[in-house]
Amino acid sequence: MTSNEIFDLLSARSPADIESLRTQAYQVMVDHVGSEVYFRGLVEFSNECIFDCSYCGIRKSNTAVERYCLSKDEIIETALWCARQGYGSIVLQSGQQSNREFIELIVGGVQQIKQRSRSSVLPHGLGITLSVGEQSKETYRRFFDAGAHRYLLRVETTAKELFEKFHGPEKTLQRRVTCLETMKKTGFQVGTGVMIGLPGQTLNDLANDILFFKDIDADMIGMGPYLVHHETPMNGYRDEIAERKNEIFQLSLNMIAATRIALKDVNIAATTALQTIDQKGREMGLMYGANVIMPQATPRHVRNKYLLYDGKPCVDESAADCAACLEQRIAATGRAIAWNSWGDPCHFFTRTGNQD
Ligand code: SF4
C-alpha cells in the first residue's frame with residue numbers, strides 16, 4: 001500500500017466511512033489470523049527507569065513516584081498465576097535499565113518461569129514477551145537463550161522531529177531501529193508501535209508509521225492514544241489533548257484498522273489506553289481488527305505505581321477481577337478466547353519460514 005492509500009483509510013470520519021473501514025479490517029483479520037483473541041498476562045515488574053521521555057509518568061525525573069522492583073520470586077509467582085488462568089503467554093514489562101542486577105533478574109526469572117510453567121496444557125511453558133527497552137546485542141541474546149521469544153519495543157513515533165522533541169538527546173530513532181533489527185536477527189518475534197495524537201503529529205506521520213511497521217517487517221503491533229501524565233513536562237498539553245479526546249480515540253481505532261489492512265497477518269493488541277478514553281475501548285479495538293488483549297496481572301500492591309499516563313483503568317481491581325471482567329467483555333464481542341495458547345503471530349512464520 002502507498003502512503004496516500006493509508007492516509008485515505010486514516011481519514012475516515014463519517015459514520016459510513018468508519019464502518020466501511022472497520023468491516024474491511026475485520027474481514028482481513030478473519031482471513032489472515034482468524035477471529036480468536038489471545039491473552040498475554042501483563043506483569044509490570046519494575047517502574048525504575050534511567051531515562052526521561054517527556055510523555056512518561058515513570059520517567060526518572062518524576063520524584064513523586066515511589067519506585068519498586070518485584071523480587072524474582074514475586075515475578076515467577078505472578079507468571080505462574082497467569083499460567084493457571086490459562087493465559088498461555090505473559091508480557092514482562094518495566095522501565096529501562098541495563099545494569100547487571102536487572103539483566104540477571106530477567107534472565108533468571110525467565111528461565112524459571114519457562115521450567116515451572118510447563119504442564120499438560122502448556123508443554124513448552126508460558127510464551128514470554130519482554131518489554132524492557134533498548135539493550136545490547138549480547139543482552140538480547142541472553143534473554144532469548146533464557147527462553148523469552150517475543151520482544152516489544154515501541155518507536156512511539158517515526159517522525160524524526162517529534163521523536164527528538166519528546167525524547168531529548170539521550171535517545172535516537174536510529175538506535176531504536178537498530179535494536180529492532182538486532183532482535184530480529186537474534187530470533188525474537190518483534191513488536192513495535194506508536195502513540196496516536198501526540199501534539200504536532202499529522203495524519204501523514206501516522207501513515208508513515210504504518211509504512212515503517214511494514215518496512216521493518218514487524219510481527220506484532222501495540223498502539224494507543226497519547227494520554228497526558230500530570231507529572232511530566234507535557235502536562236501543558238492537557239487541555240489540548242482533552243479537547244481532542246474523541247478525535248484521538250477514533251484515530252486510534254482507524255490506526256488499528258489501517259494497520260490490519262496494510263500488514264494483514266500480524267498480531268495487533270487492543271491496548272489498555274483505549275479503555276481510558278472509552279469504557280469499551282478495548283472491545284472496540286478488537287472490532288477494528290486487533291486480536292490480542294493484555295489482562296492486568298501486576299500485583300495490586302504495586303499496580304498504582306506503574307502509571308505511564310493519568311486515568312489508567314484496572315488499577316484497583318484484583319488480577320482475578322480483571323480476568324473475569326475481560327472474559328465478559330470479549331464474550332460480548334462474539335469472539336472466542338484462545339486459552340492456553342501462545343498465539344504466535346502468523347507473520348513470524350511467513351517471514352522466517354519457521355513452522356515450529
Ligand atoms: S517511556 Fe520507557 S524509557 Fe522512557 S521514561 Fe518511560 S519507562 Fe523510561
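Let's start inside the fold, with A257: setting aside residues up to four places away in sequence, A257 touches L9, L21, R22, A25, Y288 and G289. Touching, or being in contact, here means that the C-beta atoms of two residues, placed from the backbone, lie within 7 Å. Before going on, keep in mind that this is a predicted model, where local features need pLDDT of at least 70 and side-chain atom pairs count only at pLDDT 80 or more, while totals for chains, interfaces and linings use all residues. Residues are numbered from 1 along each chain as its sequence is written.

A257 lies in helix 10. Helices (H or I, at least four residues) and strands (E, at least two) are DSSP runs, numbered from the N terminus. A257 is buried because 29 other C-beta atoms lie within 10 Å. For that label, a residue needs 20 or more other C-beta atoms within 10 Å of its own; with 12 or fewer it is exposed, and in between it is partly exposed, the C-beta atoms being placed from the backbone. M287 is 30 residues from A257 in sequence, and the two are 8.9 Å apart in space, C-alpha to C-alpha.

A257 also leads us to the largest nonpolar core. This core has 103 residues, and V43, A79, I90, L92, I196 and A257 touch the most other members. Helix 10 (residues 245–263) supplies the largest share of this core, ten residues. A nonpolar core is a set of buried Ala, Val, Leu, Ile, Met, Phe, Trp, Tyr and Cys residues joined through C-beta atoms within 7 Å.

Next, pick out A79 from that list. Not counting residues up to four places away in sequence, A79 touches V43, I90, I113, S117 and L126. Ala, Val, Leu, Ile, Met, Phe, Trp, Tyr, Cys and Pro count as nonpolar, Asp, Glu, Lys and Arg as charged, and the others, Gly among them, as polar.

How do two packed helices get described? By the angle between their axes and the distance between the axes. For helix 3 (residues 72–85) and helix 4 (residues 100–116), the axes come within 9 Å and cross at roughly 35°. The axes are lines fitted to C-alpha atoms, for helices over the stretch in contact, and angles run from 0 to 180 degrees between N-to-C directions.

Now for the ligand. Around it sit C49, F51, D52, C53, C56, I58, R59, G95, Q96 and G133, each with its C-beta atom, placed from the backbone, within 6 Å of the ligand. This shell has five nonpolar, three polar and two charged residues.

A few loops are worth a visit too. Y226 sits in the loop between strand 7 (220–225) and helix 9 (238–243). Is Y226 buried or exposed? Y226 counts as buried, because it has 23 C-beta neighbours inside 10 Å. Beyond four places in sequence, the contacts of Y226 are Y55, M195, I196, G197, L198, I241 and I248.

V37 belongs to the loop between helix 2 (15–33) and strand 1 (38–46), and is partly exposed because 19 other C-beta atoms lie within 10 Å. R335 is 298 residues away from V37 along the chain, yet their C-alpha atoms are separated by 6.8 Å. Leaving aside neighbours within four places in sequence, V37 is in contact with R335 and others, including L286, N291 and I293.

Finally, look at the backbone. Most residues other than glycine have a negative phi. D217, in the loop between helix 8 (203–215) and strand 7, has a positive phi near 65°. N340, in the loop between helix 14 (319–332) and helix 15 (346–352), has a positive phi of about 50°. D217 counts as partly exposed because it has 17 C-beta neighbours inside 10 Å, and N340 counts as partly exposed with 17 C-beta neighbours inside 10 Å.
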